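Q: Please go through this model and say what each label rests on. I want the value, the cut-off where one is needed, and the conclusion.

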Amino acid sequence: MSSSATTALLLCASAAIASVSAGAAEVLWRPLENIADGDRALFDPATNTPRDSAIAYIPAEPYPFTAPYTAEEMGYRSAEFVHLPRWSSLLIDVFGVITPSGYINQGASISYANLEAAEGFQGYIQAQAGEVYTRWMVWDVFPPENEGTQQYWTPYRTDAEFRTKMDFFIYSPQLRRVRRQPEPRRDQRFPDNSQTFDDVIGRDPWEWHWELIGTDVLFETVRFPNTRPTITWNDAIGGFFEQSTSDIKIMGAKFPHYRGDGGLDCWVVKATAKNDWLPDYGEKHLVLWLEKNTFYPVRREKYGHDGRLITVEARLVDHLNPAKGDFGYGTTLTVYWNVDHDLIGFSLHDSQIIKNWSDEEKAMIFNAEFMRRQWKYEPLKTQTRIEAPDQFFMRPLVYPEKFPQHRNPTLPGPIDARYQAQEGAGRLVFESSSAAAQP
């Protein structure tokens with residue numbers, strides 16, 4: 001970042017603090033030194049708390065903790081909510097990525113998940129390192145040439161000694177063989193996508209140092225373009241229904257904690273990778289916006305060791321498992337913007353079903369040999385694929401003025417030009433049509 005840009009951001013921060021201190025109009029993002037009194041009462045600034053007697057690297061206070069919360073405890077609470085819910089389920093995952101030129105690559109897979117440990121992040125904590133935590137069976141249904149290709153994932157509970165994150169098998173109907181695959185590198189993108197392995201599996205909170213950097217209010221995360229006024233979802237119980245995209249809220253329509261102006265109050269925390277836990281890891285810092293009551297991570301930014309912005313991740317959420325209370329929220333749609341390559345990816349979970357597998361089903365389905373049967377155990381349908389490039393999800397907002405001492409969301413020139421063109425058009429603007437917008 002240039003010295004003039006840095007100065008401008010610092011002036012923005014100073015102005016924000018000054019206006020709040022003077023009792024002027026409310027500023028929606030607040031650095032830690034200036035958070036509201038009510039929020040300060042919920043925050044414990046301690047950074048060296050007692051450790052658990054059985055697991056020395058986690059806090060001694062029993063999960064899910066009680067207020068006031070340390071920044072570390074906020075990080076642990078956010079780990080409750082990973083890409084797939086921490087309960088056994090069925091869903092169809094529609095995913096894709098778009099390039100700066102407007103080329104779309106999409107796919108869809110039916111996922112069957114069986115949780116081996118107790119439900120929730122508490123179950124993951126209590127599992128023994130080296131134990132299989134969950135089992136995922138994945139059946140490709142789109143594009144047509146991939147129909148019947150299958151994947152079998154077995155993520156493990158890991159710690160500092162047991163580092164293997166999962167075993168991974170694929171079945172190709174053309175070869176009619178099951179092949180074991182090498183474990184993907186955790187911080188690298190999947191081929192032709194903007195997601196990394198850790199984006200899907202989740203990150204263990206004990207691998208990071210946590211600090212609270214302030215509070216904020218979000219009004220949107222995932223952004224639909226003005227060319228896509230509706231989306232058709234598949235409710236597993238009620239069937240297909242159409243929803244206006246302008247009516248979609250970050251935490252779902254029934255979330256009880258929206259502000260009067262419709263905004264979502266968030267803690268903003270920064271996580272720094274621990275070198276002893278994550279040697280040679282490409283992500284140095286994460287900045288997360290956690291919904292203030294549930295600690296759901298509705299936005300995440302990833303920064304490299306050189307300080308550059310790598311990825312912005314934005315989520316839409318709904319109350320998928322009401323029986324679990326605040327722990328029953330799950331992701332319906334995630335957009336990943338890889339800034340280095342200006343790749344915008346998404347993963348949409350449709351037709352989500354809570355599933356209590358019988359012992360017979362567990363024994364039959366969740367093993368690598370089951371893939372040879374080429375049996376789509378439970379077909380699920382969706383109508384959420386994107387039909388044209390201009391209907392693709394927009395890049396998430398950048399917020400250059402917020403928390404300048406902790407984040408640097410500066411965009412490279414050509415990418416910033418496309419971002420600004422998008423903001424003016426209300427939809428993606430591609431390379432051929434955005435060249436005129438470049439300085």
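A: Arginine 176 sits in the loop between strand 6 (166–172) and strand 7 (177–181). The model is a predicted one, and the values below are computed from it.

Q: Why is arginine 176 called exposed?
A: The relative accessible area of arginine 176 is 59%. Exposed means over 50%, so arginine 176 is exposed.

Q: How far apart are arginine 176 and arginine 373 in sequence and in space?
A: They are 197 residues apart in sequence and 9.8 Å apart in space, C-alpha to C-alpha. Arginine 373 belongs to the loop between helix 6 (359–365) and helix 7.

Q: What makes arginine 373 exposed?
A: Its relative accessible area is 52%. The cut-off is over 50%, so arginine 373 counts as exposed.

Q: Why is glutamine 374 called partly exposed?
A: Glutamine 374 has a relative accessible area of 37%. Buried is under 20% and exposed is over 50%, with partly exposed in between, so 37% makes glutamine 374 partly exposed. Glutamine 374 also lies in the loop between helix 6 and helix 7, and has a positive phi of about 50° although it is not a glycine.

Q: How do you know that helix 7 has the span expected of it?
A: Helix 7 covers residues 413–425, which is 13 residues, and reaches 18 Å from its first C-alpha to its last. At 1.5 Å a residue the expected value is 18 Å, and the helix is close to that.

Q: Which residues of helix 7 are buried?
A: They are Ile415, Ala417, Arg418, Tyr419, Ala421 and Gln422. An α-helix has 3.6 residues a turn, so residues three or four places apart point the same way.

Q: What follows helix 7?
A: Glycine 426 follows helix 7, with a positive phi near 75°.

Q: Why is aspartate 39 called buried?
A: Aspartate 39 has 11% relative accessibility. Buried means under 20%, so aspartate 39 counts as buried. The residue is placed in helix 2 (residues 37–41).

Q: What makes the pair aspartate 39 and lysine 292 a polar contact?
A: Their side chains are joined at 3.0 Å. A polar contact needs N or O atoms within 3.5 Å, so the pair at 3.0 Å qualifies.

Q: Which residues does aspartate 39 touch, not counting those up to four places away in sequence?
A: Aspartate 39 touches Thr215, Trp267 and Lys292.

Q: What makes strand 9 and strand 10 a pair?
A: Strand 9 (residues 230–235) and strand 10 (residues 239–244) share six bridges in the antiparallel sense. At least two bridges are required, so the two strands pair. Threonine 232 stands opposite glutamate 242 in strand 10. A hairpin of three residues joins strand 9 to strand 10.

Q: Why is glycine 325 called partly exposed?
A: Glycine 325 has a relative accessible area of 28%. That value falls between the 20% and 50% limits, so glycine 325 is partly exposed. Glycine 325 is found in the loop between strand 14 (309–319) and strand 15 (329–338). The C-alpha atoms of glycine 325 and threonine 294 are separated by 9.6 Å, with the two residues 31 apart along the chain.

Q: How many helices and strands does the protein have, and why is it called as compact as a globular protein of its length?
A: The protein has eight helices and 16 strands. Its radius of gyration is 22 Å, close to the 22 Å that the globule rule gives for 439 residues, so it is as compact as a globular protein of that length.

Q: What share of the residues counts as buried?
A: Of the 439 residues, 55% count as buried.

Definitions and conventions: Residues numbered from 1 in each chain as written. Predicted model: local features only at pLDDT ≥ 70, side-chain atom pairs only at ≥ 80, totals over all residues. Heavy atoms only, no water. Helix = DSSP H or I, 4+ residues; strand = E, 2+ residues; numbered from the N terminus. Expected span 1.5 Å × (residues − 1). Buried < 20%, exposed > 50% of the residue type's maximum accessible area, 1.4 Å probe, protein only. Polar contact = N/O pair within 3.5 Å; in protein donor to acceptor, adjacent residues only side chain to side chain. Contact = heavy atoms within 4.5 Å. Rg over C-alpha atoms; globule rule 2.2 N^0.38 Å.
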